[in-house]
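Q: Please take a close look at the ligand site. Then set it in the context of the chain around it.

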Amino acid sequence: MPEKTLSFFENSLTQLDNASKVLELDPSIHKMLKKPERVLTVSVPICLDDGTTEVFTGYRSQYSTARGPAKGGIRYHPNVSLDEVIALSMLMTWKCALVGIPFGGGKGGVVCNPKEMSENELRRMTRRYTVGILPIIGPEQDIPAPDVYTGSREMAWIMDTYSMMKGYSVPGVVTGKPLNIGGSLGRNIATGRGATFVLFEALKHFNMSPSNVTCAIQGFGNAGSVAAFFLHEIGSKVIAVSDSKGAVYNKEGFNPNKVMEHKQKTGSVVDCEGCETISNSELLELECDVLMPAALENVITKENATNINAKIVIEIANGPTSSEADKILYDRDVFLVPDILANAGGVTVSYFEWSQSLTGWLWTEEEVLTRLEKIMQQGFRDALKVSKEKEISMRTASQVFAIDRVADAIKTRGLFP
Ligand code: NAD
């Protein structure tokens with residue numbers, strides 16, 4: 001019989017089970033952590049520009065609120081599914097706990113193809129979806145943020161819709177807002193910068209210098225491009241980047257700003273001058289010091305894990321490595337910094353933004369990045385310590401550390417009623 005491929009959520013549950021074994025977790029808390037606290041499915045009917053009606057499906061999952069309000073992005077993509085949204089909300093729970101910010105985990109998504117929709121259609125869909133999930137979101141309840149194919153524009157629409165329904169402005173309902181309505185300086189570069197701060201710690205661990213390393217980055221969007229720009233700025237060699245249409249490669253390294261100019265002119269990184277065009281799967285298998293998957297989940301699988309030629313993998317994307325591939329990479333001594341740590345910069349600065357929205361304080365970009373660096377360094381050191389002590393991978397160590405924190409909060413609060 002052919003082996004069954006695990007779904008994203010099943011994969012995440014396997015990781016929870018592994019971490020729970022290491023922790024010798026109380027079975028009742030383990031049982032509670034295997035299920036999301038609350039999941040909402042909404043139907044999102046809108047009038048398209050041609051006058052016809054389309055009905056989209058939207059989801060919001062709140063995995064845990066044991067440590068604080070649910071927190072997590074909203075994704076617009078044709079492949080969004082309930083399974084994916086729940087898995088991502090679980091990862092958000094561990095991520096917030098790992099870096100010690102006072103949030104639980106949530107995630108949302110709408111099944112749609114934003115590339116085929118006009119701005120007006122997207123606005124109507126976002127507003128209608130917001131009203132659908134309105135009963136369960138709010139600054140003290142669940143705070144959405146951008147994810148794949150959503151950004152500050154969508155967050156402004158959500159903030160405005162929520163505020164209109166309440167009758168007053170509620171900037172704390174979302175993060176990743178534009179600056180002029182309460183966004184935080186540094187939020188747009190937080191995930192990419194956070195990943196590079198973690199990379200620097202990993203390089204220190206291997207006595208390597210950032211100015212001497214070669215990096216391949218899959219995905220050249222919000223997160224991946226910022227990492228590429230910063231790495232180039234500090235002297236690392238960016239040798240490949242990609243988008244959904246393909247990848248570009250030059251083993252001598254290139255200036256990612258030039259690739260961005262090309263992408264802005266042509267719509268893709270493909271065929272950029274001075275680079276060879278390769279496929280996304282070839283990018284993943286390039287010989288390099290650092291590989292940063294920064295696009296979608298499940299791109300490193302048991303099929304290609306033996307061909308990964310990087311020394312260090314920094315998972316900027318959520319869930320880019322399957323459980324089977326994870327084991328293969330660990331056995332091959334590839335040092336992998338898992339998503340819940342590597343991309344925690346986004347949610348950390350979201351926490352800074354939420355704090356500023358609630359208090360009215362405004363922080364400078366320098367303040368934001370300095371605080372971010374400290375939190376990312378601490379997260380890496382906490383995970384590395386557990387990884388060394390228990391002789392486990394950085395992924396299991398990060399989860400062990402994070403799950404222990406969530407379990408501790410559940411224990412302290414006690415079971416209601
Ligand atoms: P984005 O939409 O800005 O960029 C996604 C990039 O991936 C684009 O360059 C796109 O062309 C590329 N892509 C899409 N399909 C692809 C495919 N099949 N093969 C290769 N590339 C493909 O999204 P983003 O905000 O940069 O998010 C990227 C990843 O990082 C996601 O997994 C997201 O969950 C994660 N993440 C983002 C943030 C954030 O703050 N932006 C925070 C945490 C995690």
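A: Start with the shell: 22 residues surround the ligand, counting a residue as near if one of its heavy atoms lies within 4 Å. The closest are D147, T191, N222, A223 and N318. This is a predicted model, where local features need pLDDT of at least 70 and side-chain atom pairs count only at pLDDT 80 or more, while totals for chains, interfaces and linings use all residues. Residues are numbered from 1 along each chain as its sequence is written, and side-chain values use heavy atoms, with hydrogens and water left out.

Now the class make-up. The shell holds nine nonpolar, nine polar and four charged residues. Here nonpolar covers Ala, Val, Leu, Ile, Met, Phe, Trp, Tyr, Cys and Pro; charged covers Asp, Glu, Lys and Arg; the others, Gly among them, are polar.

Next, the polar contacts (pairs of N or O atoms within 3.5 Å; within protein, one atom must be able to donate a hydrogen and the other to accept it, and residues adjacent in sequence count only if both atoms are side-chain atoms). N318 places a side-chain N or O atom 2.8 Å from an oxygen atom of the ligand. A295 works through its backbone: an N or O atom there lies 3.0 Å from a ligand oxygen. N280 has a polar side-chain atom 3.5 Å from a ligand nitrogen. The ligand alone exposes 830 Å², and the protein buries 87% of that. Such areas come from the Shrake-Rupley method with a 1.4 Å probe; for residues, only the protein chains shown count as cover.

Where does the shell come from? The protein is divided into domain 1 (36-170) and domain 2 (189-342), with bounds from an automatic or database domain assignment. Their contact (heavy atoms within 4.5 Å) takes 13 residues from domain 1 and ten residues from domain 2. The C-alpha centres of the two domains lie 27 Å apart. Each domain gives at least three residues to the ligand shell.

Some backbone details follow. Most residues other than glycine have a negative phi, and most peptide bonds are trans. Y149 has a positive phi, near 60°. Y149 sits in the loop between β5 (142-146) and α5 (152-166); helices (H or I, at least four residues) and strands (E, at least two) are DSSP runs, numbered from the N terminus. Y149 is partly exposed, at 40% relative accessibility. On this scale buried means under 20% relative accessible area, exposed over 50%, and partly exposed in between, with a 1.4 Å probe and protein chains only. E24 also has a positive phi, near 50°. Its place is the loop between α1 (8-23) and α2 (27-33). E24 is exposed, at 72%. The F416 to P417 peptide bond is cis, with omega near 5°. P417 lies in the segment after α14 (394-413).

R128 belongs to helix α4 (residues 119-133) and is partly exposed, with a relative accessible area of 43%. Neighbours within four places in sequence aside, R128 touches V44, P45 and I46. Its C-alpha is 9.3 Å from that of I158, 30 residues away in sequence. H262 belongs to helix α8 (residues 256-266). H262 is buried, at 15% relative accessibility. Beyond neighbours within four places in sequence, H262 contacts G267, S268, V269, V270, D271 and C272.
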